[in-house]
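Subject: Structure handover

Hello,

Here is the structure I promised. Please open it next to this note and follow along.

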Amino acid sequence: MVYADSIPQLSLFASVANRLAGMNLITGSKRAVSVSAASVLKLKYFIKLFKFDTGIQSEVEALVLFFWELVKILLLIEPLTVFAVFRKLKLKKNDLQMLFDYIGQIDTAVSVTVLRQEARYWCKPVIRDSGHHLGFTGAYHPLIPDCTPNSLEINNKSVLLTGSNMSGKTTFIRTVAINLLLAQTINTCFAETFHCVWSRLFSAIRISDDLLNDKSYYLEEVLTLKEMVRESRAESNQVFFLDEIFKGTNTAERIAAGKAVLSYLARSGNNWVFVSTHDIELTDLLAGEFDLFHFTEVIQDGRIRFDYKLKAGNLSTRNAIRILEIHHYPSEIIDDARQVAARMQKTS
């Protein structure tokens with residue numbers, strides 16, 4: 001029976017709640033919790049009847065158990081007991097809910113306290129009920145050791161990020177998302193300062209295809225963005241996080257569709273969009289609607305070095321072919337790639 005393990009724990013659960021109430025950890029809750037705990041503990045003898053495991057130690061006990069099982073079957077003792085206990089527990093549902101909420105609050109408070117103590121540094125966010133403000137200083141990702149902190153202040157425009165692979169674009173977007181989420185849930189941000197307005201969050205960062213349902217990567221992305229487009233018309237504040245929009249299709253249509261969708265999402269005064277892209281063309285098409293930022297890498301002594309610092313403006317350098325050269329690709333590939341890149345730049 002599915003309740004055979006959980007129901008017997010209610011007596012211990014109520015006892016623990018009663019002991020915690022005695023510590024007066026949550027002001028004003030001691031009396032109510034104690035009353036609810038006492039109410040549940042009145043059923044402890046009925047609850048014990050759910051302990052069907054007898055822990056057989058010998059053949060004599062096995063024989064006794066056999067006859068006892070026959071008696072229970074003939075008299076329907078177990079079903080009658082179960083329904084009787086359920087009826088009594090149903091009358092105590094408000095008391096049980098009180099105890100669950102009380103212990104849940106304490107468990108949450110302990111978890112948040114430990115999280116704050118172990119954090120490099122943290123702050124309480126300033127959250128406004130209205131307006132269009134989002135900003136932070138020294139924000140970092142809590143799951144990345146020695147993560148480089150960044151700062152940002154935006155008002156009316158969304159954010160478009162460019163930069164090479166591994167330069168920090170996606171990590172930065174996730175850093176903003178996780179801090180905005182934690183600000184509105186546990187009143188904790190991994191930053192020196194953080195301020196925002198109450199917002200709903202939508203993400204298209206880690207999309208994958210669904211072979212079992214015959215959905216390609218591109219179709220999954222299309223359906224995810226369609227939901228964002230629908231939600232963007234809501235009157236509440238929305239923040240959309242996107243990584244490499246429409247990378248599942250060809251270049252020309254990716255840029256065209258990406259520009260159209262991003263413009264639509266950012267059009268509402270209640271929306272912010274954080275999007276990363278390798279398509280430099282989007283920076284020209286969206287320059288009037290988005291604030292442009294980028295991450296760069298430096299090649300020194302034949303090695304790639306990243307500073308992971310957010311910089312304002314458009315990306316001015318491209319090092320993809322140089323990185324191939326550093327990793328000792330054949331010279332024929334390097335020369336061919338440079339010639340093709342040069343021709344494409346002339347025609348663009």
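Which residue takes a positive phi just after α4? The residue is L76, and its phi is about 55 degrees. Bear in mind that this is a predicted model.

**Backbone points**

Most residues other than glycine have a negative phi. Two further residues are worth a look here.

D146 has a positive phi, near 55 degrees, and is not a glycine. You will find D146 in the loop between β2 (134-139) and β3 (150-154). Its relative accessible area is 73%, so D146 is exposed, the cut-off being over 50%.

E244 is not a glycine either, yet its phi is positive at about 55 degrees. E244 sits in the loop between β7 (238-243) and α9 (251-267). Is E244 buried or exposed? Its relative accessibility is 12%, so E244 counts as buried, since the limit is under 20%.

**Helix lengths**

Helix α4 covers residues 59-75, which is 17 residues. From first C-alpha to last, α4 reaches 25 Å. At 1.5 Å a residue, 24 Å is expected, so the value is close.

Helix α2 runs over residues 30-41, twelve residues in total. At 1.5 Å a residue α2 should span 16 Å, and its end C-alpha atoms are 16 Å apart, so the two agree.

**The buried face of α2**

Which residues of α2 are buried? They are V33, S36, A37, S39 and V40. Seen down the axis of α2, these buried residues fall within an arc of 160 degrees, so they line one face of the helix. What covers them includes α1 (10-22), α3 (44-47) and α6 (93-118).

Two packed helices are described by the angle between their axes and the distance between the axes. Here are two pairs, both involving α6.

Take α2 and α6. They pack at an angle of about 125 degrees, and their axes are 9 Å apart. The two helices are therefore oblique to each other. α2 passes α6 in a left-handed crossing. On the α2 side, the contact is made by A32, V33, S36, A37, S39 and V40. On the α6 side, it is made by D95, L96, M98, L99 and Y102.

Now α1 and α6. Their axes come within 10 Å and cross at roughly 60 degrees. That makes α1 oblique to α6. α1 also passes α6 in a left-handed crossing. From α1, the contact uses L10, F13, A14, A17, L20 and A21. From α6, it uses L96, L99, F100, Y102, I103 and I106.

**The loop between α1 and α2**

I26 is found in the loop between α1 and α2. Which residues does I26 touch, leaving out those up to four places away in sequence? It touches Y102, Q105 and I106. Y102 and I106 of α6 also take part in the contact with α1.

I26 has a relative accessible area of 22%, so it is partly exposed: buried would need under 20%, and exposed over 50%. To place I26 along the chain, compare it with K44. The two are 18 residues apart in sequence. In space they are 26 Å apart, C-alpha to C-alpha.

Best wishes

Methods. Residues are numbered from 1 along each chain as its sequence is written. This is a predicted model: local features need pLDDT of at least 70, side-chain atom pairs count only at pLDDT 80 or more; totals for chains, interfaces and linings use all residues. Side-chain values use heavy atoms; hydrogens and water are left out. Helices (H or I, at least four residues) and strands (E, at least two) are DSSP runs, numbered from the N terminus. Buried means under 20% relative accessible area, exposed over 50%, partly exposed in between (1.4 Å probe, protein chains only). The arc is that of the directions from the helix axis to the C-beta atoms. Contact means heavy atoms within 4.5 Å. Axes are lines fitted to C-alpha atoms, for helices over the stretch in contact, and angles run from 0 to 180 degrees between N-to-C directions. Angles under 35 degrees count as roughly parallel, over 145 as roughly antiparallel, 65 to 115 as roughly perpendicular and the rest as oblique. A crossing is left-handed if the near helix is turned anticlockwise from the far one by less than a right angle, and right-handed if clockwise.
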